[in-house]
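Subject: Structure handover

Hello,

Here is the structure I promised you. Please open it and keep it beside this email while you read.

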Amino acid sequence: MSYRNSLQIMTDVLSHTSEFGQNGTNKSNLMRKANISHSRLKGFLENLIGSGLINSIVYENHQTYVVTPKGINFLHEYQKFVELSGAFGLEL
């Protein structure tokens, strides 16, 4: 069994948020998709919002999370890094 590190979890949260496009998603969906507890998700969302990778929007009295262009760029660059490290036989 392989455990995810913090960067992998953060990337999972960001990736799953991007799947919902500009409509965004809520914490419940992210908890299920990223397989993470509410308390851990809260910390990751604070970091992602603080970094400008995700925006938090209140829409019809519901908290919604949407990936920013900076977040999408981060996902693309992270994927390149994973592919490059895999080419050298490195595991992340």
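First, a term you will need. A nonpolar core is a set of buried Ala, Val, Leu, Ile, Met, Phe, Trp, Tyr and Cys residues joined through side-chain atoms within 4.5 Å. Keep in mind that this is a predicted model.

**The core**

The largest nonpolar core here has 16 residues. Val-13, Leu-14, Leu-45 and Leu-48 have the most contacts inside it. Which elements give two or more residues to this core? They are helix H1 (6-19), helix H2 (27-34), helix H3 (38-50) and strand S2 (62-67).

Look at Leu-48 next. Leave out residues up to four places away in sequence, and Leu-48 touches Met-10, Val-13, Leu-14, Leu-53 and Ile-54.

**Helix H1**

H1 has 14 residues. From first C-alpha to last, H1 reaches 20 Å, close to the 20 Å expected at 1.5 Å a residue.

Now check both ends. After H1 comes Gly-21, with a positive phi near 60 degrees.

Which residues of H1 are buried? The list is Gln-8, Ile-9, Met-10, Thr-11, Val-13, Leu-14, His-16 and Thr-17. The cover over these buried residues includes H2, H3, strand S1 (54-59), S2 and helix H4 (69-87).

Pick out Gln-8, which sits in H1. Why does Gln-8 count as buried? Its relative accessibility is 17%, and buried means under 20%. Beyond residues up to four places away in sequence, Gln-8 touches Tyr-3, Tyr-78 and Leu-92.

**Thr-68**

Thr-68 is in the loop between S2 and H4. Is Thr-68 buried or exposed? Thr-68 is buried, because its relative accessible area is 7% and the cut-off for buried is under 20%.

What does Thr-68 contact, leaving aside neighbours within four places in sequence? Find Gly-52, Leu-53, Ile-54 and Asn-55.

Thr-68 and Leu-14 are 54 residues apart in sequence. In space they are 9.8 Å apart, C-alpha to C-alpha. Leu-14 is also one of the core residues with the most contacts.

Best wishes

Note on methods
Residues are numbered from 1 along each chain as its sequence is written. This is a predicted model: local features need pLDDT of at least 70, side-chain atom pairs count only at pLDDT 80 or more; totals for chains, interfaces and linings use all residues. Side-chain values use heavy atoms; hydrogens and water are left out. Buried means under 20% relative accessible area, exposed over 50%, partly exposed in between (1.4 Å probe, protein chains only). Helices (H or I, at least four residues) and strands (E, at least two) are DSSP runs, numbered from the N terminus. Contact means heavy atoms within 4.5 Å. The expected span of a helix is 1.5 Å times one less than its number of residues.
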